[in-house]
Amino acid sequence: MRLCASLSSVRDAERIEKADMVEIRTDILGSIPDVKGKKTIITFRDIPDLSVLPDGFDGMIDVGEYDVPDVEQEIIASHHDYVSTPSAEEIVGRLNKMKGDVSKGAFAVGSFSHLKNIFDASCSIKKRHVLLGMGELGAVTRIRSDSLGNEFTFAYVGEATAPGQLSLEEMSYLGDHPMVLGILGHPLEKSLSPKMHNTVMKRIGLKGIYLKFDVEDLVRVEDVVRDYDIRGLNVTVPYKTSILGHLDQVDRDVEAVGAANTILNDNGKLKGYNTDVIGIEKAMELAGFDPKGKRALIMGSGGAARACAYVLSERGCRVTVTGRNEQTSRSLCKDMGCEYQPKDSVALMLYDIVVNCTPVGMYGSGDYPVNMCQLTRHHTIFDMVYGADTQMISQAKKVGAGIVRGEDMLAAQGAASLEMWTGKKDLFKLMRGALD
């Protein structure tokens, strides 16, 4: 993988030793710094003014979509779409018609379908090319530049010069074809999984990166995982159940729970697992809560609620489910053998542990299905929301109730997932420490 350092200031030229090439954008720098010893691309975003080229310049010239000049230097013809990614056929047609020595296409990526279009296009382009996806979701195209047959890929030095760029330092550290992992869900802006996994991978010397795949649908997800050789994904709201239709195989826990939160790409065979089960068990153990013979109230009806109902029931706890969506709550109860209780008729005094499996406290304030003012010191609460003292946790602290931490669950399921993907064991303490 050839790295081209894109400079955001003249001073960036002092920190390009790890780059194979250097890009100088005239619209950003205004002048052309001396970068001896590195092949240089001078990029014009407006009408090319070749008079600014240094004497004897033998690098490459990016003229965008302007006419290709008759010069000795190699020419890059480039197209940028800051709105979307067209079909693979449209990408191929456009890039093959470009007159330069190298055709470059950069496209705003907003879905797995867009990533699939870019990959399919890379397989059909008949000339030297650079194909990139812009934005957070497009970062995988920069890391898998070799898989796309690109001449080179870009990295920033001081500040990013395009959306989705990674730093030169990080790209250099990752090297050729690193392990790619990530989290799949929507929304993901508050997820701590990338921070946790990336911190731990660096501490154990693993050349890999954990990305966010924040998408509004799962169309083509299995193709993207295989095409870009993504080793594994964690799956979160709202896809823990809908992801099942995109997998080749699931384990016993997934079959029992009806939800998966972890995908393993085993040589193109996508296998689903549920490490939430491990996380829930570990978090309760650390809090000293034994569910045997107890009564539990679960708020919520998504994949995490299903995993929690499964764990508690398996360990001898009587489980009741409540929530705003009666249909999905009743469906969960039918599948898991639990009781359903309408939210307006719940009496917290009847339960030993109250579990929040809703997004309340993470994405917007909102109200819990049940009034938390009913909590007493005799309760234990388990809030799967992490990263802050939610209203539920604050009330539990106020009355002296027991607390099972969502951070412990996150770290435990993360450690189990990373072990599955890499074979590395005993990572819980590192994962938990990365969250502090």
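Two strands are taken to pair if DSSP finds at least two bridges between them. Helices (H or I, at least four residues) and strands (E, at least two) are DSSP runs, numbered from the N terminus. The structure described here is a predicted model, in which local features need pLDDT of at least 70 and side-chain atom pairs count only at pLDDT 80 or more, while totals for chains, interfaces and linings use all residues. Residues are numbered from 1 along each chain as its sequence is written, and side-chain values use heavy atoms, with hydrogens and water left out.

The protein chain contains 14 helices and 20 strands. Its C-alpha atoms fill a box of roughly 85 × 40 × 40 Å along the principal axes. Of the 436 residues in the chain, 53% are buried; buried means under 20% relative accessible area, exposed over 50%, and partly exposed in between (1.4 Å probe, protein chains only). Contact is defined as heavy atoms within 4.5 Å. Among the contacts in the chain with a separation of 6 or more, 59% are between residues 24 or more positions apart.

Strands of a sheet pair through backbone hydrogen bonds, either parallel or antiparallel. Strand 2 (residues 21-25) is joined to strand 1 (residues 3-6) by three bridges, and the two run parallel; Ser-6 stands opposite Glu-23 of strand 2. Strand 2 also pairs with strand 3 (residues 39-43), in the parallel sense and over five bridges, and here Arg-25 has Thr-43 as its bridge partner. Five of the five residues of strand 2 are buried, so this strand is largely enclosed by the rest of the structure. In a regular strand the side chains alternate between the two faces of the sheet. In strand 2, Met-21, Glu-23 and Arg-25 point one way and Val-22 and Ile-24 the other, all of them buried.

Strand 6 (residues 102-108) is likewise mostly covered, with seven of its seven residues buried. Val-102, Lys-104, Ala-106 and Ala-108 point to one side of this strand, whereas Ser-103, Gly-105 and Phe-107 point to the other. Strand 5 (residues 74-81) runs parallel to strand 6 and is joined to it by six bridges, with Val-102 as the bridge partner of Ile-76.

An open sheet of six strands has the order 10-9-11-13-14-12 and mixed pairing. Its edges are strand 10 (208-214) and strand 12 (249-250), each of which pairs on one side only. Strand 9 (residues 179-185) and strand 10 run parallel and are joined by seven bridges; Leu-184 has Phe-213 in strand 10 as its bridge partner. Helix 6 (residues 193-203) packs on this sheet, touching strand 9, strand 10 and strand 11 (230-235), and its direction makes about 170° with that of strand 10. Helix 13 (residues 406-422) lies across strand 9, strand 10, strand 11, strand 13 (262-266) and strand 14 (269-273), at about 160° to strand 11. Axes are lines fitted to C-alpha atoms, for helices over the stretch in contact, and angles run from 0 to 180 degrees between N-to-C directions.

Two helix pairs were also examined. Angles under 35 degrees count as roughly parallel, over 145 as roughly antiparallel, 65 to 115 as roughly perpendicular and the rest as oblique. A crossing is left-handed if the near helix is turned anticlockwise from the far one by less than a right angle, and right-handed if clockwise. Helix 2 (residues 88-97) and helix 3 (residues 112-122) pack at about 45° with axes 8 Å apart, and are therefore oblique to each other. Their crossing is right-handed. Ala-88, Ile-91 and Val-92 of helix 2 meet Asn-117, Ile-118, Asp-120 and Ala-121 of helix 3. This contact has five nonpolar, one polar and one charged residues, where Ala, Val, Leu, Ile, Met, Phe, Trp, Tyr, Cys and Pro count as nonpolar, Asp, Glu, Lys and Arg as charged, and the others, Gly among them, as polar.

The axes of helix 9 (residues 276-287) and helix 10 (residues 303-314) come within 9 Å and cross at roughly 60°, in a right-handed crossing. Residues meeting at this contact include Val-277 in helix 9 and Tyr-310 in helix 10. The contact divides into nine nonpolar, no polar and two charged residues. Asp-253, in helix 8 (residues 252-257), is in contact with Asn-274, Val-277 and Tyr-310, neighbours within four places in sequence being left aside. Asp-253 is buried, with a relative accessible area of 18%.
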